[in-house]
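Hi,

Here is the model I said I would pass on.

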Amino acid sequence: MSMQAIWMTHRSMTADPSVKEAKLKPGTIKRILTFAQPYRFSICIFLITVVIDASLIVATPLLLLRLIDDGVIPKNGALITQLAVLVGVIALADAAVSMVGRYFSSRIGEGLIYDLRSLVFAHVQRQSIAFFTRTQTGALISRINSDVMGAQQAFTATLSGLLSNVVSLVLVGITMMILSWQITIFSLLLLPLFLIPTKWVGRRLQSLTRESFNVNAEMSSTMTERFNVSGAMLVSLYGQPSREHEYFRSRARRVADIGIKMAMLNRLFFIALTSVAAIATAFAYGIGGHLAINGGVTVGTLLAITALLARLYGPLTALSNVRIDVMTSLVSFERVFEVLDLEPMVKDRNDAIAYRATHPKIEFKDVSFSYPRAHEISLASLESAARPEGAESGVVLKNLSFIAAPGTLTALVGPSGAGKTTISALIPRLYDVTSGAISIDGHDIRDLSLGSLRESIGVVMQDAHLFHETIEENLRYAKSDATQAQMQAACEAAQIWKLIESLPNGLETMVGERGHRLSGGEKQRLAIARLLLKSPALVILDEATAHLDSENESLVHTALENALKGRTSIVIAHRLSTVRNADQILVVDSGSIVERGRHEELVAKGGLYADLYSRQDLTGATNQ
């Protein structure tokens, strides 16, 4: 039995049993073939090498037959030498064919992986923020990695295994029947005995493999959560390292125990297969030996048949599970297609125009908004990645109307959960309005291309996100072709250049995961520098100065003054002292604008704004 046949058998046994009942969507096969189009030539060459390699299986036993009957027994030394040389040539030819096949197999497999991963990655990046708020990162990465790998198996391991086993089985079966139909038929009678250990071990391996995947997934989740900076800090601050260690040890111990059982079962499986093959070979020797004595077959024929017998059971076992192998690969393709078929909730219209604002006027016209329901962005096969929610969000914003004039600062204030951040998220179309419209310079933002719209907008959030890259790379994310002078100017305006200059590696300093090697104020100022480098016409600040100490807040305020100068600005603030000089203040409560005006007007009015303002310790807020 060949190693490839054993691998195919093992892969069949550990496949998800649900694959047996899987039904492909109409058109899936045709769609898969479109991915094979660029590799037509490579696939043809690869399949030819598979057929040649499978055909050579019968060559050596037939040469053995001639070696014994025509060379050894008649004592024909010249023929023995010729046959020995021929066996060596065939071995070298087989090695060469295998290398060629492996080369084309790699080109096909790696090419398909590259194509599929690139498509899925690009498509996922186009998804709306709603998709990511409901998707577990680990599950999405698994879809890009595991399912893409499973899909490419359809054109390499599954296709080659199927063709190789069919060719091998046909050639070996025909050759054995020609040499001795009696021995061949008797050998096939042992097939049920051969399949018994396969089925029994297969059921046990299915259960253990599934449990192993689950426990490994739990371990991976634990490590992902505990090994990032925030998780490690939480464990340290709450003094739970021993508890986490024990939890991890219990999972790791279970994985080890399962690994031991699987190793023993695999060994039992291999011993069972070799034992049954050995028994079949013993019977073949027994029957063939008596036939040889009686003149029914030659000694060479007997040896050739026993050699071919070892090549018969592997393909038979693999082909008995061929449907599961094929369906496993095709289902992986279908799971990838499900991601590719998930339409982004926010996307360009067919006639979208490119418009880059310079001094934008923002207008909300009767805007209402409800967050999308879970089933609108969920995938049936990604239940662990897109978990359905029990209740809908309801109407978050209700008939909002306001205008932010060019070059002015509009402040959004109000209680937590009032809808301020949602308003700011609608402007760059992280979500689309449910009703009403938002316009920039009279253009409905849904008529503009997403690329041009977002090029005009710069955002600084309360918790600025930085990639685990150098300071320079984080700055270049806003402007990939920025010069050193431009980066320095932006950093100087953001009040962060002196710090960067004092660092040993300067702009080449790594900021750490999520920027945790920098303080909160330093991250905010670097985020503002990134915004200034982008030089947007519209600036959105969402609590950009929250939770900062007085020194950092002062530096950030100076940086923000530079960032907002001459730009249309939307600023969300809980600390009302920071927006006293706003051109207009919109007081948002329960998704509606309940008050609007300048600071003095709203304080004098004695409404919600005045109430919020009076509750704050203005002296403390100013001095922090």
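To start with the surface: the chain exposes about 31200 Å², and 59% of that is supplied by carbon and sulfur atoms. Keep in mind that this is a predicted model. Of the 624 residues in the chain, 46% are buried. On secondary structure, I get 25 helices and 10 strands. Among contacts with a separation of 6 or more, 82% are between residues 24 or more positions apart.

Now the inside. The largest nonpolar core has 43 residues, and the members that touch the most others are Leu-475, Ile-500, Leu-526, Ile-528 and Ile-585. Helix α21 (residues 520-534) gives this core its largest share, with 7 residues. There is also a second, separate core of 32 residues, with Ala-357, Val-367, Leu-397 and Ala-418 among them.

While on cysteines: how many disulfides does a search of the whole structure find? The count is 0.

Val-166 sits in helix α8, which covers residues 157-179. Is Val-166 buried or partly exposed? Its relative accessibility is 35%, so Val-166 counts as partly exposed.

Last, two backbone spots to check when you have the model open. Lys-75 is not a glycine, yet its phi is positive, near 60°. You will find Lys-75 in the loop between α4 (59-72) and α5 (77-125), and with a relative accessible area of 75% this lysine is exposed. Asp-441 is another non-glycine residue with a positive phi, about 50°. Asp-441 lies in the loop that runs between β4 (435-440) and β5 (443-444). Its relative accessible area is 27%, so Asp-441 is partly exposed.

Cheers

Note on methods. Residues numbered from 1 in each chain as written. Predicted model: local features only at pLDDT ≥ 70, side-chain atom pairs only at ≥ 80, totals over all residues. Heavy atoms only, no water. Disulfide = S-S within 2.5 Å. Helix = DSSP H or I, 4+ residues; strand = E, 2+ residues; numbered from the N terminus. Buried < 20%, exposed > 50% of the residue type's maximum accessible area, 1.4 Å probe, protein only. Contact = heavy atoms within 4.5 Å. Areas by Shrake-Rupley, 256 points an atom, 1.4 Å probe, with all protein chains shown as cover. Core = buried A, V, L, I, M, F, W, Y, C linked by side-chain atoms within 4.5 Å.
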